[in-house]
Amino acid sequence: MKGKIRVAVCGNLPTACNYLLKNGIVCIDKFSDATEIPDEQVYHLILIYAPQAEGLLNTRYTRSVLAGEETD
């Protein structure tokens with residue numbers, strides 16, 4: 001599966017990007033903010049630099065609620 005995994009990186013995470021590249025993950029899209037991620041793009045992993053969120057555990061990201069349907 002190496003090389004086929006899509007990763008979005010939001011913010012300054014050079015160590016994470018270097019690790020992914022070293023391990024064969026070559027499809028990395030970088031954004032300055034998570035709101036820049038296109039709605040039509042699907043990612044296997046989204047990494048978000050959030051220094052104010054240190055210590056948050058067991059969280060889940062939900063993208064939006066449209067016409068009564070929740071999408072993850």
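**Sheet pairing, helix packing and an aromatic pair**

Strand β1, which covers residues 6-10, runs parallel to β3 and is joined to β3 by four bridges. Within this pairing, Ala-8 has Ile-46 of β3 as its bridge partner. The description rests on a predicted model.

The sheet as a whole is open and consists of three strands in the order β2-β1-β3, paired in parallel. The edge positions are taken by β2 (27-31) and β3 (45-48); each has a single partner strand, so one side of each is left without a neighbour in the sheet. On average, neighbouring strands of the sheet are turned by 15° against each other, with direction ignored. Helix α1, formed by residues 14-22, packs on this sheet and touches β1, β2 and β3. The direction of helix α1 makes about 165° with that of β2.

Aromatic side chains were also examined. The count of aromatic pairs comes to one. This pair is formed by Phe-31 and Tyr-43, whose ring centres lie 6.4 Å apart. The planes of the two rings stand at 85°, and the pair is therefore edge-to-face, since planes over 60 degrees apart are classed in this way. Phe-31 belongs to strand β2, whereas Tyr-43 lies in the loop between β2 and β3, so the pair ties together parts that are twelve residues apart in sequence.

Methods:
Residues are numbered from 1 along each chain as its sequence is written. This is a predicted model: local features need pLDDT of at least 70, side-chain atom pairs count only at pLDDT 80 or more; totals for chains, interfaces and linings use all residues. Side-chain values use heavy atoms; hydrogens and water are left out. Two strands pair if DSSP finds at least two bridges between them. Helices (H or I, at least four residues) and strands (E, at least two) are DSSP runs, numbered from the N terminus. Axes are lines fitted to C-alpha atoms, for helices over the stretch in contact, and angles run from 0 to 180 degrees between N-to-C directions. Contact means heavy atoms within 4.5 Å. Rings of Phe, Tyr and Trp (its six-membered ring) pair if their centres lie within 6.5 Å; planes under 30 degrees apart count as stacked, over 60 as edge-to-face and the rest as tilted.
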